[in-house]
Amino acid sequence: MVRKEALKVILILILLLPLGIFVKFLIPLLSALIAFTIFFFRDPEREIGNWVVSPADGRIDFVKDGRLEIFMGLFDCHIQRSPVSGIVKKITFVPGKKRPAFIRGENEKKVIEIESEEGTFVVELIAGIFARRIICWVKEGEKVEKGQRISMIIFGSRVALEVPENYVFVKKVGEKVKAGETVAVRR
């Protein structure tokens, strides 16, 4: 499945294909861009894991004091999912810089607080130098289910998960995770 956010980009690229009659390198270039857009905006179905699941695809590059951070590379799926079932208590936009996502720092972000029966879980959607847009599909007061799609960060970025006390991360720095599927935390 491809996200609807990609359809306008794909349509524009397809409409530009006839220009390849006049400029030969355009057809392979535009074809490659269409393929990349379809790949980047993919939205695969997932088998939702037990316990608390990873909110994003990518590689864990930081774990400390109830906080886990995932770097999403260009080839990871960029759809974020709710790590738990609960109520979206608050969504906050935090302005900041647009540095590369692989460098931890004070970049622009959206923070989603999800209140579950076990406490508050925080998902931070952190923009990078190429991630110019964070799309949030949930609203404050909305009930979410574990594994539900909650957002998408366009291009390379970072996602952080903060958990309540008494939770233990079962994944370590360097390990790959998949949103909604990989168990990241246990009580």
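This is a predicted model: local features need pLDDT of at least 70, side-chain atom pairs count only at pLDDT 80 or more; totals for chains, interfaces and linings use all residues.

Modeller: A polar atom of the Asp 57 side chain lies 2.6 Å from the backbone nitrogen of Ala 179.

Residues are numbered from 1 along each chain as its sequence is written, and side-chain values use heavy atoms, with hydrogens and water left out.

Asp 57 sits in the loop between β1 and β2 (58–64). Strands are DSSP runs of E, at least two residues, and helices are runs of H or I, at least four, numbered from the N terminus. Asp 57 is buried, at 5% relative accessible area. Buried means under 20%, exposed over 50%, and partly exposed in between, with a 1.4 Å probe and protein chains only. Beyond four places in sequence, Asp 57 contacts Arg 46, Ile 70, Phe 71, Met 72, Asp 76, Cys 77, Val 177, Lys 178 and Ala 179. Contact means heavy atoms within 4.5 Å.

Lys 178 leads on to Thr 182. The backbone nitrogen of Lys 178 lies 2.8 Å from a polar atom of the Thr 182 side chain. Thr 182 is in the loop between β13 (176–177) and β14 (183–186). Thr 182 is buried too, with a relative accessible area of 15%. Its contacts, leaving out residues up to four places away, are Val 52, Val 53, Ser 54, Lys 171 and Val 177. Take Val 53: it is 129 residues from Thr 182 in sequence, yet the C-alpha atoms are 5.5 Å apart.

Now Cys 77, one of the contacts of Asp 57. Cys 77 is buried, at 3% relative accessibility. The whole structure has zero disulfides. A disulfide would need a pair of cysteine sulfur atoms within 2.5 Å. For Cys 77, the nearest cysteine sulfur belongs to Cys 136, 16 Å away. Cys 136 is partly exposed, with 21% relative accessible area.

Next, the nonpolar packing. A nonpolar core is a set of buried Ala, Val, Leu, Ile, Met, Phe, Trp, Tyr and Cys residues joined through side-chain atoms within 4.5 Å. The largest has 27 residues, and those touching the most other members include Val 52, Ile 70 and Val 185. Strands β3 (67–72), β6 (109–116), β7 (119–126), β10 (149–153), β11 and β14 each supply at least two of its residues. Val 185 touches Trp 51, Val 52 and Phe 169, among others. A second, separate core of 13 residues includes Leu 26, Ile 34, Ile 135 and Ile 154.

Finally, the backbone at Trp 51. Most residues other than glycine have a negative phi. Trp 51 has a positive phi of about 60°. Trp 51 is in the loop between α2 (26–40) and β1 (52–53), and is partly exposed at 46%. Asn 166 also has a positive phi, of about 75°. Asn 166 lies in the loop between β11 (157–162) and β12 (168–169), and counts as exposed at 57%.

How values were computed: A polar contact is a pair of N or O atoms within 3.5 Å; within protein, one must be able to donate a hydrogen and the other to accept it, and residues adjacent in sequence count only if both atoms are side-chain atoms.
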